[in-house]
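Here is a short tour to read alongside the coordinates. Keep the viewer open and pick out each element as it comes up.

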Amino acid sequence: MTVLKVRDLRIRYADNQPEILKGISFDVEDSDFMAIIGPSGAGKSTLIRCINRLVEPTSGSIELFGQDVLALKGTALRQLRRNVGMIFQEFNLINRMSVMDNVLSGRLGYTGNLRSLFRAFPQSDISRALALLDRVGLSDHVNKRADELSGGQRQRVGIARALMQQPKLLLLDEPTSALDPKISREVMGLIREIASELRVPALCNIHDVQLAKESCNRIIGLQDGYKKFDGETGTLRDRDLEEIYAMEVL
Amino acid sequence: MTMTETNPGPAPDSGQTWSRYGATGAATRHATLLAVLVFLGYSLHFLNVDLSRLLGTFSGVWRVVSDRYYPPEIAYVANAGYLGAILDTLQMSFLGGFIGVVCAIPLAWFSAWNVTPSRRILFPLGRLGVISSRAIHETIWTILFVSILGFGMLAGVSALTMFCIGFAGKLFADEIEAVDMGPVEAMRSAGASDLQVFVWAVVPQVRVAFTGIAIYTWDVAFRAATVVGFFGGGGMGWYLKRNIQQLENTKVSAIILSIIAMVLIAEVFSGWVRARVNRAK
């Protein structure tokens, strides 16, 4: 089943600036773990942020779970966002809060303003948070401050926070780029495992082509705002890579 | 090869030239500097500052102080009435600072471009609120409130509140605009409301800075409270005004000394607390 349909997506940040995305179209199926590869500045981060409207596209259409994303406003947009878990390159944790509070913050979309003001989350959220922290291997760090953890541990908090949303789609923005090669593979493996356990499709920006080939079943190649490749991982040839990374090779 | 021989190395003379600002850039810079100097000279000329009179003031000040204001009547500032006025001034600055800071937080949130709940409506309203309380000086606020509410502490507290809204609001907003947007983005992507984004992603980042600013605001409000009193807001300033009008010069000098002492104490205290707060990262 198709979860996400993107058609002719275009964006420019200001009228006098060049387009960042120049008519991107693709589909994500419910069984996909899809990689978006491409050189720096190709528009990978912008593309992934358009899906949950952290960035406003200029034109085109995005259909997510059968809903027209670009037509949503206010509460409806927030309800869509809570169905989409996001994991960031720089983790984006709240450094001065505990690991537990960081994980619970993934429930904000389901929690009323007053309750969240007093951090009074329902018991079900608390037990879910503890279970997820156990799953990502952080049971011993529940009450530590987020900034006391190592990079790999922080990204595990980020994973648990995204999963708190009970997401139907995961957006991963270079989830391993701030980590060393060994930890990168561990973290990517964990995300991969959990995504298939929970049957959540994922869309993943990644610049490590080798890691993309290892962990993803489909790959999209972006270059300078154009889609240069779209296919099963096995069909990606060196020739395609040369074309995607042409700008860098030159 | 001897030591005196210079090695042209990998950087040969290319014969090209380079200038840092370019022709128009340099002209603009020089013209601006010239304009500032000309205006300075013009202002001095216009003021008609007489150098010999300026130097003469020093001996004049000394004569006036030693003849009329010395010795300060310390007993006057040690009596119960005046000590009560010091307490009034303290309370006034505390109340004004507290209410002002509480009002300044939402205004700063509205008027911070990066996380404002609405860029079209609340942002300009928040900016307007902060700017208008800053635009009017605390003495003018006092005169306004005295004419509405009558003499006394209520007018003083109201004037100080307005002063603190402008003072803290501006500093709070600057602090909010400098936060790391990463957590803000993360909370938004989780479906958090604007209020939730502020409380969860912004407040933890600015909490320490806000505490420091709040204490600093009280310190500045205390200094302003003495002036506010002078214009009818009650407290130490009110005593100052009365004694000036009655030409009780030795009492005036004692009051001025007490104000200097209190402001110094407030400043040292606030500096000490702020240093402690800043260590609690």
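This is a predicted model: local features need pLDDT of at least 70, side-chain atom pairs count only at pLDDT 80 or more; totals for chains, interfaces and linings use all residues.

**Helix H7 of chain A**

- Helix H7 of chain A runs over residues 181–197, and its 17 residues reach 24 Å from first C-alpha to last, close to the 24 Å expected at 1.5 Å a residue.
- Its buried residues are A:Ser184, A:Val187, A:Met188, A:Ile191 and A:Ala195.
- Looking down the axis of H7(A), you will find these buried residues within an arc of 100 degrees, so they line one face of the helix.
- Just after H7(A) comes A:Arg199, with a positive phi of about 55 degrees.

**A loop residue in chain A**

- A:Asn217 sits in the loop between H8 and strand S9 (218–223) of chain A.
- Is A:Asn217 buried or partly exposed? It has 13 other C-beta atoms within 10 Å, so A:Asn217 counts as partly exposed.
- Leaving aside neighbours within four places in sequence, A:Asn217 is in contact with A:Asp32, A:Phe33, A:Glu232 and A:Thr233.
- A:Gly234 is 17 residues apart from A:Asn217 in sequence, and their C-alpha atoms are 8.1 Å apart in space.

**Where chain A meets chain B**

- The contact involves 22 residues of chain A and 17 residues of chain B.
- On the chain A side, helix H2 (74–82) and helix H4 (113–117) are the elements that give two or more residues.
- H2(A) gives the most to this side, with 4 residues.
- By type, the chain A side divides into 8 nonpolar, 9 polar and 5 charged residues.

**Helix H6 of chain B**

- Helix H6 of chain B (residues 138–149) has 12 residues and reaches 16 Å from its first C-alpha to its last, close to the 16 Å expected at 1.5 Å a residue.
- B:Glu138, B:Trp141, B:Thr142, B:Phe145 and B:Val146 are its buried residues.
- These cover an arc of only 130 degrees around the axis, which puts them on the same side of H6(B).
- B:Ser147 and B:Ile148 are exposed on the other side of H6(B).
- The buried residues of H6(B) pack against helix H7 (153–177) and H9 of chain B.
- B:Gly150 follows H6(B) and has a positive phi, near 85 degrees.

- H8 (residues 181–189) and H9 (residues 194–233) of chain B pack at an angle of about 145 degrees, with their axes 9 Å apart.
- The crossing of H8(B) past H9(B) is right-handed.
- H8(B) contributes B:Pro183, B:Val184, B:Met187 and B:Arg188 to the contact, while H9(B) contributes B:Gln196, B:Val197, B:Trp200, B:Ala201 and B:Val202.
- The residues of this contact divide into 7 nonpolar, 1 polar and 1 charged.
- In H10(B), residues 236–245, the buried residues include B:Trp238, B:Tyr239 and B:Leu240.
- The buried residues of H10(B) pack against helix H4 (80–110), H9 and helix H11 (249–279) of chain B.

Methods. Residues are numbered from 1 along each chain as its sequence is written. Chains are lettered from A and ligands numbered from 1 in the order in which they are written. The expected span of a helix is 1.5 Å times one less than its number of residues. A residue is buried if 20 or more other C-beta atoms lie within 10 Å of its own, exposed if 12 or fewer, and partly exposed in between; C-beta atoms are placed from the backbone. The arc is that of the directions from the helix axis to the C-beta atoms. Axes are lines fitted to C-alpha atoms, for helices over the stretch in contact, and angles run from 0 to 180 degrees between N-to-C directions. A crossing is left-handed if the near helix is turned anticlockwise from the far one by less than a right angle, and right-handed if clockwise. Two residues are in contact if their C-beta atoms, placed from the backbone, lie within 7 Å. Ala, Val, Leu, Ile, Met, Phe, Trp, Tyr, Cys and Pro count as nonpolar, Asp, Glu, Lys and Arg as charged, and the others, Gly among them, as polar.
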